[in-house]
Amino acid sequence: MAEFVDLLRQETRRLFTDRAILLTLFGGLLYYFLLYPSPYANQVARELPVILVDQDDSVLSRQLAFMAEATPNLRFVATASTLEAAQQRLRHNEARGILVIPPHFMRDVRLGRSVTLALAADATYFLSYSGIAEGLSTAAATLGVGIQVQRRLASGEALPQALHDSRPFAVNSVPLFNPTLGYQPYVLPAVFLLILHQTLLIGAGLQACGQRLACRAGETGYWQSASPLTLLVARTSLFTLLYLLFALAYLVVGLAWYGLPRLATLGQLLLLWLPLFMTISCLGSLLGSLLPRRELVTALVVLSSLPIVFVTGFIWPNEGLPAWQAALAQWIPATPGIQAFLKLQVEGADLSQIRPELGQLYGQLALYGLLAWWGIRRRQRVA
């Protein structure tokens with residue numbers, strides 16, 4: 001016990017005197033906390049600029065344009081007499097889309113003929129494209145129902161029956177787990193946990209790699225004579241306790257700061273975070289004991305960040321991944337950690353519903369802990 005306390009004290013002192021680790025743990029976490037959510041403060045795309053090409057110029061076409069602009073999705077910033085003129089303005093980024101109302105629109109609608117409305121939108125920004133398409137389809141559907149009601153009233157139907165016949169069923173759509181359909185509730189909880197995952201990997205890796213390089217340089221220290229197991233437990237305990245505090249700031253206080261709900265209890269979160277951060281710390285120690293230079297730890301973790309985003313299952317479903325990528329993702333602590341965290345935090349699950357993820361984390365902890373112990377023992381023998 002005395003050896004553990006002494007090693008914990010010395011690991012803490014070494015961590016807080018290492019500028020690279022301090023910059024990663026404190027500077028990096030603060031930077032990402034303030035920077036990452038800011039571009040998505042508006043949550044959803046609204047008032048998207050569209051150019052109107054009204055080739056019919058009738059009462060009904062103007063009514064459709066008015067109803068489309070009345071939706072929160074789009075607004076008309078200009079009108080053009082021809083499609084070519086509108087396309088030219090679209091190429092100069094004056095708008096995100098073009099709505100074309102064809103000639104004889106009102107005549108064909110009154111005669112009961114099928115009418116095609118043309119929409120050209122910038123699909124390089126998927127949220128903009130879907131927002132414009134949704135606004136137009138809502139306006140067109142509403143206008144179509146109104147025309148059907150007018151026809152049925154003209155044929156002698158009573159208003160309640162005409163409304164029922166025109167819209168025989170109503171859709172009551174309730175988005176689960178993300179009522180605003182915004183970007184922040186969709187991605188921010190998982191990304192915040194991933195930021196903790198990556199910075200902890202870097203911090204633990206730099207600590208282990210720094211001691212390895214010190215041994216090569218002939219520097220003497222406590223890491224050469226200490227018991228490999230006790231040293232690993234002390235380092236893992238230090239980083240785990242530190243990241244439990246970071247997680248409280250990031251995933252409890254931080255998410256509340258951005259107005260995101262929390263369905264999990266603090267006890268549930270701690271039972272998840274404890275094996276998660278212990279596993280990440282052991283994996284970081286393993287990386288640090290294997291890589292020849294400290295800068296490679298940061299480079300490897302940073303380069304892996306974007307692939308991890310897409311294979312952990314919150315941006316793109318695991319079912320849509322190639323089998324080998326889905327299998328490889330299961331070796332990353334972030335995969336079960338993020339899936340379990342989203343179940344607790346966003347979906348309101350209980351601990352019994354995240355048992356597979358907890359079992360996977362404890363299995364990874366045993367594996368990476370054993371390999372990290374081997375890495376420390378190997379380093380001491382080489383030294």
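Modeller: The lining of the second largest pocket has 15 nonpolar residues, 6 polar residues and no charged ones (nonpolar: Ala, Val, Leu, Ile, Met, Phe, Trp, Tyr, Cys and Pro; charged: Asp, Glu, Lys and Arg; polar: the others, Gly among them). The model is predicted: local features need pLDDT of at least 70 and side-chain atom pairs pLDDT 80 or more, while totals for chains, interfaces and linings use all residues. Numbering starts from 1 along each chain as its sequence is written, and side-chain values use heavy atoms, without hydrogens or water.

The 21 lining residues include Tyr32, Leu194, Ile195, Gln198 and Ser305, which lie nearest the centre of the second largest pocket (a pocket is an open set of points on a 1 Å grid over the protein atoms alone, where a 1.4 Å probe fits, with protein on both sides within 12 Å along at least five of seven lines; lining residues have an atom within 4 Å of a point). The space in this pocket is about 490 Å³, taken as that filled by probe spheres on points joined across faces, edges and corners. Helix 8 gives the largest share of the lining, 8 residues. Helix 2 (19-35), helix 8 (183-216) and helix 12 (294-311) each supply at least two lining residues (helices are DSSP runs of H or I, at least four residues, and strands are runs of E, at least two, numbered from the N terminus).

Helix 2 and helix 8 also pack on each other, at an angle of about 170 degrees and with axes 9 Å apart (axes are lines fitted to C-alpha atoms, for helices over the stretch in contact; angles run from 0 to 180 degrees between N-to-C directions). The two helices are therefore roughly antiparallel (over 145 degrees). Among the residues in contact are Leu25, Leu29, Tyr32 and Phe33 of helix 2, and Phe192, Ile195, Thr199 and Leu206 of helix 8 (contact: heavy atoms within 4.5 Å). By class, this contact has 11 nonpolar, 4 polar and no charged residues.

Elsewhere, 4 strands form an open sheet of mixed pairing in the order 2-1-3-4 (strands pair if DSSP finds at least two bridges between them). Strand 2 (74-79) and strand 4 (118-121) are at the edges with a single partner strand each, so one side of each has no neighbour in the sheet. Neighbouring strands are turned by 30 degrees against each other on average, direction ignored. Strand 3 (97-101) pairs with strand 4 in the antiparallel sense over 4 bridges, and Val100 stands opposite Ala118 of strand 4. Helix 4 (83-91) packs on this sheet, touching strand 1, strand 2 and strand 3, and makes about 170 degrees with the direction of strand 3.

Notes: Angles under 35 degrees count as roughly parallel, over 145 as roughly antiparallel, 65 to 115 as roughly perpendicular and the rest as oblique.
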